[in-house]
Amino acid sequence: MPSARRMILGHVMSGLCTKMNRTKQLPADLMETPLNRCLNTFDITLLGIGHMVGAGIYVLTGTVAREMAGPAIVLSFILAGLVSLLAALCYAEFGTRVPKAGSAYVYTYVSIGEFWAFVIGWNIILEHMLGAASVARAWSGYVDSMLGNIVANITMEITGEMHEQLLAKYPDFLAFFVCLSYAVALAAGVKATAMINSILTTVNVAVMGLVVVLGFWYASPDNWSLPEQGFMPYGFGGVLAGAATCFYAFVGFDSIATSGEEAKNPSVSIPLATILSLCVVTVGYVLVSAALTLMIPYNDINPAAALPDAFGMRGITWAKYAISTGAICGMTTTLLGSLFALPRCLYAMASDGLLFSCFGKVNTKTQVPLLNLALSGICSALLALLFDLEKLVEFMSIGTLLAYTIVSASVIVLRYRPISVEETVHLAPDTPGTDEEDGGPALPGTTTVAPGGGIDSSSQSSTIDPSSPTSEMIEIALAGRLRPQFRWLEPVLGRCEPGVACSGAVLMFCVLSVAVCFQLENSWDELYNGTWWALGLYGFLLFCLVACVVVISAHHQNTRGLQFKVPFVPYIPALSIFCNIELMVHLSFLTWLRFFIWLSIGMLVYFLYGIHNSKEGELGTSYSMLMSTSEAIRGWGSTSTALGGGTKVTVTKIIKGRISRKMAGDRQAIVDDDDDEDS
C-alpha cells in the first residue's frame, strides 16, 4: 500500500508540474481580436509618455530630492531610466513576437509557462490598481493644495483621523470619485481615450518645457555644493534608494505593450513607441529634477508640491498656477493609462481561463471589456480612499520590478529555445536555387552527420543565402545547440537537450543575482574594507554569474521572423535582470510582506480555479497551431509567397532528408523521403 500511495502521489505531482509548465498556444491569426485595432505609432507613443509623465515628476521628485538623494536625484533618474530602458528593449522584442493584450503576462505564458505567467499577470493587476490609486491620491493632493487644503480640513472635521498605521491620515473622497469618473470616461472606447490622452499629454510636455526653461534661468550652481553636504548628501546608497523609488516614474511604458492588440501595425509601432517614449521621459525627468534642485536648496523643497512651491519661493506666482495645471493634466493621463491597461490584463487572463470567464467578455458596441473596467475603477478608488501615496508607491514597485525581471529572462529563453520535433511548418518542396540539386550552395551541416542522425554544427557553411527558406530551417534546427567554438563545453553540456542548458543557466543567473544583491546590501562595509571572506565570497559569486552568461552565449540563437531584436543578447537582458533585482533588494521589509500576502491570495485563485480551467489544458505544445497554419507561410521570407501546395513536414525531417540525399546521391523530392520514413 505505501508503494501504491507513492505511485499515485508521484503521478499527481507529475501532472501538476506539467500543468504549471505548459506554455500558451498562439492563435492561427495573431492579428485577429475582438478589440478595436485603431491606434497608430503616434497614439501609442503619447499613451506611453502620458502614462509615465504624471505623479512621478510632480510628486515623487520632491520626496526623493528632499529625503533620499538631494541634488543627486539627477543620477537617480538616470539610473532608473537606464534600468527601464534595458527592460523596455525586452518588451519591444516581445511586442513584435506576440501582439496581444496582457503585456508581460502573455510573453511569460508563451516562453516560460503557465504558473509564472499567472504570477506576472497577478502582479500586473496589482501594479495598475496601485498606479491608478496613487495617481488619484496625488491628483487630489494637488487640487487641494491649490484650494488651500479646504478638502482635507473639511474631511477631517467630518470623519476625524484614521489612526491605523497602515492607512492614510484621512479618507480621500476626492481621489475616490476621480477614479470612478475616469473609469466611466474610458468606457467611451479606445479611440476617444487616445484623443483625450494626446491633448492632455501635449499640454503636460509644454509645461515641463516651461519648468526647465524658467528653472535654469533662475538656477544657482551653489545649491549643488552646500557646505558639508555637496552634490550627494546621502551618499551613493541614497542615489540607489532614490533610483528604486524613481523607478515608479517609468512604469508606464509597459502599457504600450498592453495596447498591442489595439495597434494597427504592432510589430512596428510597439518597439518604436516604447523606445521613443522612454527616451523622451528620461530626458524630461533629468532636466526637471536638475532645474528644481538648482533653483532652491534641496532641504527647502516641499515634498507635497515641490515644483509650484519652488516657483512661489522665487516670486513667480503665475508659473506656480501654470505648473499646477500641467500637473493636473499629467496625472490625468497617468491615471487614464493605468485604468486603460488594467482591464486588458484581466481580459487576457480570463480569455486563457486563468481568471473567471466573466472577465473575458468584450462589449460589442464600444469594443471595451466594460465589466473589467468597472471592477478596476472601483478597486482603485477604494485603495485611493484608504491609503496614502507613499505606501501605494512602495508596494507598486516590487511587482513591476518582478515583471521586468521575468520578461528579460523570457527573452533569453525564447532566443535559445528550438522548435520541438513535434512542431510543424507548412513548406513546399525545394524551390530553385535553394538546394544543392539545382547547383546552389551546399547546405550547412550536410557534410557530416552526428551520432543518432543529428546535425554536426561544426561543419556549417557560410555560403548559404541568409534570406532563403533553407537558411531559416538551418537556423531553427541549430537553435539551442553549442556553437563550434565552444565544443570544449561538450563534455559538460553535450547531453543536454537543445535549449535546456540555456534555460537552466538563466534560472541559475537569477538565483545568483539575488544572492549577490543581498550580500551587497548586508555586507558592503566588509567588502569595501577588503575583508578576506567578503572578497572570496563575492569573487566566487561573480565567477558563477559570468559562467552562466558564458554558457548561454555558447549556444546558437534563433532570431528568424523578428522585426525588432534586442541587441547583444544575452548580455543586455542579463544586465536588466541584475539591475531589477538590485532595486528590489532596496525596498522595505513591509513592502515584501504585503507583496507575499497579495501573492498568497493569487496562489489560491490559481490552484483552486485557474489550473483546472486553463484553455491550454486540452491543447498541444506552444506554437504548434501558429506554425501549422497558412499564416506561417508568410513568415518564411519573400520567396515563400510563391510556394503552393505545401506539405506538412517537420523541420528536423527536412534537414535530415537533405543530409541523407547529399550523402547517398539521391535526387528525389523531400516529401518522398518523409513518406519512406513514415512507411
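**Salt bridges, helix packing and local backbone features**

E114 counts as buried, since its relative accessibility is 0% (buried means under 20% relative accessible area, exposed over 50% and partly exposed in between, with a 1.4 Å probe and protein chains only). The model is predicted, so local features need pLDDT of at least 70 and side-chain atom pairs count only at pLDDT 80 or more, whereas totals for chains, interfaces and linings use all residues. Residues are numbered from 1 along each chain as its sequence is written, and side-chain values use heavy atoms, with hydrogens and water left out.

The protein chain has 25 helices and four strands. Helices (H or I, at least four residues) and strands (E, at least two) are DSSP runs, numbered from the N terminus. Of the 679 residues in the protein chain, 55% are buried. Among contacts in the protein chain with a separation of 6 or more, 83% are between residues 24 or more positions apart; contact means heavy atoms within 4.5 Å.

Side chains of opposite charge can pair when their charged atoms come close. A salt bridge is defined as a side-chain nitrogen of Lys or Arg within 4 Å of a carboxyl oxygen of Asp or Glu. By this rule there are four salt bridges. One of them joins E114 to R22, with the closest N and O atoms 2.8 Å apart. E114 lies in helix α6 and R22 in the loop between α1 (2-21) and α2 (41-52), so the pair ties together parts that are 92 residues apart in sequence. R22 is buried, with a relative accessible area of 15%.

A salt bridge also forms between the side chains of D352 and K24, at 2.5 Å from N to O. D352 is in the loop between α14 (317-351) and α15 (370-386) and K24 in the loop between α1 and α2, and the pair links these distant parts of the chain across 328 residues. D352 counts as buried at 7% relative accessibility, and K24 is buried with a relative accessible area of 10%.

The side chains of D172 and R137 meet in a salt bridge with an N to O distance of 3.6 Å. D172 is found in the loop between α7 (150-159) and α8 (173-186) and R137 in helix α6, 35 residues apart. D172 is buried at 3% relative accessibility, and R137 is buried at 9%.

Helix α6 (residues 114-146) also contains N123. N123 is buried, with a relative accessible area of 0%. Leaving aside residues up to four places away in sequence, N123 touches G399, L402, F595, W598 and L599.

Two packed helices are described by the angle between their axes and the distance between the axes. Axes are lines fitted to C-alpha atoms, for helices over the stretch in contact, and angles run from 0 to 180 degrees between N-to-C directions. The axes of helix α4 (residues 73-97) and helix α22 (residues 571-585) come within 9 Å and cross at roughly 130°. The two helices are therefore oblique to each other (angles under 35 degrees count as roughly parallel, over 145 as roughly antiparallel, 65 to 115 as roughly perpendicular and the rest as oblique). In this contact, V83, L86, A87, L89 and C90 of α4 meet I572, P573, L575, S576, C579, N580 and L583 of α22. By class, the contact of α4 with α22 has ten nonpolar, two polar and no charged residues. Ala, Val, Leu, Ile, Met, Phe, Trp, Tyr, Cys and Pro count as nonpolar, Asp, Glu, Lys and Arg as charged, and the others, Gly among them, as polar.

Helix α12 (residues 266-295) packs against helix α13 (residues 306-313) at an angle of about 40°, with the axes 10 Å apart. That angle makes α12 oblique to α13. V288, L292 and M295 in α12 meet A306, L307, A310 and F311 in α13. The residues of this contact divide into seven nonpolar, no polar and no charged.

Most residues other than glycine have a negative phi, and most peptide bonds are trans. F568 is not a glycine, yet has a positive phi of about 55°. F568 lies in the loop between α21 and α22 and counts as exposed at 63% relative accessibility. A cis peptide bond, with omega about 10°, joins V569 and P570. P570 is placed in the loop between α21 (532-553) and α22.
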